[in-house]
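Open the model in your viewer and keep the selection tool at hand. The tour starts at one residue and ends with the chain as a whole.

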Amino acid sequence: MELTIHKADTQKPLPDDSELTFGTVFTDHMFNMDYDLKNGWHNPRIEPYQPIVMEPSTMVLHYGQSIFEGLKAFKTASGDIRLFRPRENFKRFNRSGHKLCMPPFDEDFALNALKELVKLDRRWVPSTPGTSLYLRPTIIAMDPFVGVRASHTYRFFIIMSPVGAYYKEGFNPVKIWVTDKYVRAVRGGMGEVKTAGNYAASLYAGEEAHRIGYTQVLWLDGVELKYIEEVGSMNIFFVIDDEIITPSLSGSILSGVTRDTVKQLAARWGHPVTERRISIDELIAAHASGKLQEIFGSGTAAVISPVGEFMFKDKVMKVGDGQVGKWSQKFFNAITDIQYGITEDPDGWIEPVC
Ligand SMILES: *Cc1c(COP(=O)(O)O)cnc(C)c1O
């Protein structure tokens, strides 16, 4: 398969680094590739960013057969552009596709196409510290058919958006609401898959959290409503009595690349993360006894997001002294220093683009 490149005739004006938000502005080009039963994946192309024309009967619109990924391109002080562990994203993308009955794609080919796309739109990678180019690979079901089955045709696309800091509050502790009223995913379901429907399923609880003054929802397991799972766009970590704990992957938790990065760094520092089930009761008891030192979320968008307060059943609990915790800061610094080329990359996590 040969990647073709059709360049845009005109270039859009670049937003100012200081005005960047998240996911609102897109670059000049995108990647597209199609799948059908006869040709497999074919016609891979980089072309101007443009609408996808589809019939109203297109399957993705009705039955949600859709998967996506999220990763970033960073610019170093010397102007080099690089990706962070992109192979992990493409591996996970194929795992997600498998669960959604989609055909697998060649991960090396996709990574190369992504690098060509970033290279072509390199002027869009912002350089102010904390900013990056967010990359969004997506695959959607394209059959014009109303009826429930796996589609026979697909579109794989990648769009890119320059982004500023993820949280409006900046690197400040966020407040999370632990709900035992709603669930995000259940055992045997789609929780471990990066698919659109999981996000749709989280909106209603998210709006309730916002109404009562909380930024995010912390989900419990969908069977017993007892064990902590994740935040829905981030995995979660607790520091209790100097032990770093994260919920073990249960099948209903997304296996985050950032989660894995935290685990690997902690192990290297001789302070390994314990992966196990942790119940909301244990968390509340740790808080009551003064042993709960930190809570933080991990995800590509925010990297590390310290949690300053959580609420469960009308009980409000503060974490630490309201400041960013020692471990949150240490992981955030270590990961972003590698991403922006401030420190060495001993594990080969960086994929140079240009
Ligand atoms: C993407 C995502 C995460 C974070 O994964 P990263 O690879 O670290 O960005 C966590 N939970 C859910 C549900 C997600 O979709």
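Select Val 223 first: it sits in the loop that links β10 (216–219) and β11 (235–240). Strands here are DSSP runs of E with at least two residues, and helices are runs of H or I with at least four, both numbered from the N terminus. The model is predicted, so local features need pLDDT of at least 70 and side-chain atom pairs count only at pLDDT 80 or more, while totals for chains, interfaces and linings use all residues. Residues are numbered from 1 along each chain as its sequence is written, and side-chain values use heavy atoms, with hydrogens and water left out.

Next, select helix α8, residues 326–339. Its 14 residues reach 20 Å from first C-alpha to last, close to the 20 Å expected at 1.5 Å a residue, where the expected span is 1.5 Å times one less than the number of residues. Buried residues in α8 include Trp 327, Phe 331, Ala 334, Ile 335 and Ile 338. After α8, pick Gly 341, which has a positive phi near 75 degrees.

Now show the whole chain, with its eight helices and 17 strands. Its C-alpha trace spans about 60 × 50 × 35 Å along the principal axes. Color by burial: buried residues make up 52% of the 354 residues.

How values were computed:
Buried means under 20% relative accessible area, exposed over 50%, partly exposed in between (1.4 Å probe, protein chains only).
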